[in-house]
Amino acid sequence: MTEQGRASRRNVGIFAHVDAGKTTTTEHMLYLSGRTRALGSVDAGTALTDWMEVERERGISVRAATTSCTWKGASINIVDTPGHVDFLSEVERSLRVMDGAVLIVSAVEGVQAQTEMIWNALRKLRIPTVIYVNKMDRIGTDREAVLHSIHSYLTRDAVEMQQPLGSEQQFAGSADLWTVSELERTALIEAVAERDEELLLRYVAGEDMPLAEWKEQAAVLSRQSKLFPVLYGASGKGIGIEALLDAILHYLPEPGGDRNAPLSGIVFKIERDKTMGRMAYVRLYDGAMSNRDVVRNATQNVDEKVTQIRKVEGGRSEDLGQLEAGDIAAVCGMSHVRIGDILGVADAVPEEVRLAVPLLTVQAHWPDEQQYPAVVSALQELSDEDPLLDVQWLQDERELHVKVMGPIQLEILTTVLAARYGLDVRFGQPSIIYKETPRQAGEGYVAYLMPKPCWAILRFRLEPGERGSGVKYEAFVRSEDLLPQYQNEVARRVPEALQQGLRGWEVVDLKVTLIEGQHHVWHTHPLDFAVATPMGIMNGLASVGTKLLEPVLHFRIVVPEENGGRVMNDLSMMRGSFDAPVLQGDRMLIEGRVPAATSLSYSVELNSLTKGRGTMATFFAGYEECPADVEAERVRRGVNPLDQSKYILSVRKALQG
């Protein structure tokens, strides 16, 4: 492919809160560009990017869907992402492979809590973004209020590029501010100049710059994430789509990458096709790959054979034969690959931003005991496609547990298991996922010397870390006391040992330091440290004690003013904290934080209290220490390493087996 051909491409993610019109916007882009001959509809279940049966039945997106179109000679790869918070993991994975984004904001609801969260992730990755205000034709549209919410919750660098013509049912499109009037054009030029020091100096000095140069400077600033163009439209009627496609080409960057450089790409999605089998969606940043190539999976340190490279759209696919730097396609044949794996070298792959944190755990149940192997296989396959499900398979208890974001995801999971696998699986009552953290600093010690042959001595220093810091591990032991291969085994086993603390929950926000270690020249086996590490860690946790942590949500509630007092009282009863309420006409805005455990069903209660006139949007805000009167324990899987004799026997039997 020529440099010119490769440059005329955009990789764009479409992001929005649920019901903002994201899939409808994508469908109109495909139709206007000639990619589809008939206009797909979310309500009718004919949207190209909602091709799964469950998506068409429910009218919501549950998976990120890749498609493409051509506009004015440029190829645009589009990733249409789910809008519901329960499927945030799909959004998270898509963010990493985009060069630019279209963030859709509803002209009626304005910036929602999830919109703000996605925006923060876009900024962390420095992804240039066009803001598209949709549904300008709906009753209740307020341009000034929407723009105020964008400036308040997202950025002051959002700059209108259009002037809406009419509003609500009289909305007839938008006029280009570059051409509306001299007054409007001057205001836009000033807004562009204010976002670049050199441009501002030239403007203040009265330098005569052609309008075309100002337009290009606005595009340059947008591609540098210093300015964020704001456009208006009504996607349901196809109004504003042409201008949006033009803006994608003008304001969002071309993909970088060198096809002659070493291979560098990432797997961001895995699906299974009835004909092609396992397909790994790959964004290639550098290099090129072709059918029948052998590709290095750097994450798993294995080589994988590529059988076919396909462009997949709406459940249909075609063989491309090749994938080059800057492009996205589905790669078949790689049997070991997982989501997040780096192909080739990691040099060109951007960092990961975490948005999705499963807060609930549920147990699966099925009526026919003979279906147990099939249910295990199905859930493991689905966990392969969405790693955050994190299937826990307890073989001895013959139990299966999965982690989910919320009740909608659980409903979808039930539907998919029935439709795709023919399995009647039901899930128990969801319970909150708590965590543990050390109360204080201290040490853990183990001398694993019996029953022989074995020899492993370890001493750990455990220290509390900052909230949200995860687990940090270091070792300060001489190699003559503990050989490097044994130290590596300890390092590998520490995270596993922290999966279950004193109360059965994962232990987080701590630093673990190996300060003493001994092996024996004759009696030590590498697996001795696989046995000893959990015992040493649990000994340390028992000596320092642990505190219980609970997930906390940031919330934004909007209710009629007459309901405000009751809502604030409810929030206090739920152990919530909030800022002073803000009056917006006859409505009240309340923002704050509330434990997930006490507020799981509150959105339903709020809907009943306000007769459907109140809204509650939430997103995960982190883990915080529980009050002293809150206790939650989880049944431990396997033998507790604190019962060292029983634990050694159970593990050694497994090792021997």
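**Figure 1. Salt bridge between Arg-143 and Glu-160 in the predicted model.** The closest N and O atoms of Arg-143 and Glu-160 are 2.9 Å apart. Arg-143 belongs to helix α6 (residues 143–154) and Glu-160 to strand β6, so the pair ties together parts that are 17 residues apart in sequence. Arg-143 counts as partly exposed, at 26% relative accessibility. Glu-160, at 16% relative accessibility, counts as buried, because buried means under 20% relative accessible area.

**Figure 2. The open sheet that contains strand β6.** Seven strands make up this sheet, in the order β2-β3-β1-β4-β5-β9-β6, and their pairing is mixed. β2 (65–71) and β6 (158–160) stand at the edges; each has a single partner strand, so one side of each is left without a neighbour in the sheet. On average, neighbouring strands of the sheet are turned by 30° against each other, direction ignored.

**Figure 3. Pairing of strands β4 and β5.** Strand β4 covers residues 100–106, and strand β5 covers residues 129–134. The two pair in the parallel sense over six bridges. Opposite Ala-101 stands Thr-129 in β5. Strands of a sheet pair through backbone hydrogen bonds, either parallel or antiparallel.

Figure 4. Leaving aside residues up to four places away in sequence, Ser-94 touches Phe-15, Ala-64, Val-79 and Thr-81.

**Figure 5. Salt bridge between Arg-202 and Glu-207.** The side chains of Arg-202 and Glu-207 meet at 3.0 Å, N to O. Glu-207 counts as partly exposed, with 41% relative accessibility. Side chains of opposite charge can pair when their charged atoms come close.

**Figure 6. Salt bridge between Glu-624 and Arg-593.** In this pair the closest N and O atoms are 2.4 Å apart. The pair links distant parts of the chain, with Glu-624 in strand β34 (residues 615–625) and Arg-593 in strand β33 (residues 587–595), 31 residues apart. Both residues are partly exposed: the relative accessible area is 31% for Glu-624 and 30% for Arg-593.

**Figure 7. A network of salt bridges.** The structure holds 42 salt bridges.

Key:
Residues numbered from 1 in each chain as written. Predicted model: local features only at pLDDT ≥ 70, side-chain atom pairs only at ≥ 80, totals over all residues. Heavy atoms only, no water. Pairing = 2+ DSSP bridges. Helix = DSSP H or I, 4+ residues; strand = E, 2+ residues; numbered from the N terminus. Axes fitted to C-alpha atoms, helices over the stretch in contact; angles between N-to-C directions. Contact = heavy atoms within 4.5 Å. Salt bridge = Lys/Arg side-chain N within 4 Å of Asp/Glu carboxyl O. Buried < 20%, exposed > 50% of the residue type's maximum accessible area, 1.4 Å probe, protein only.
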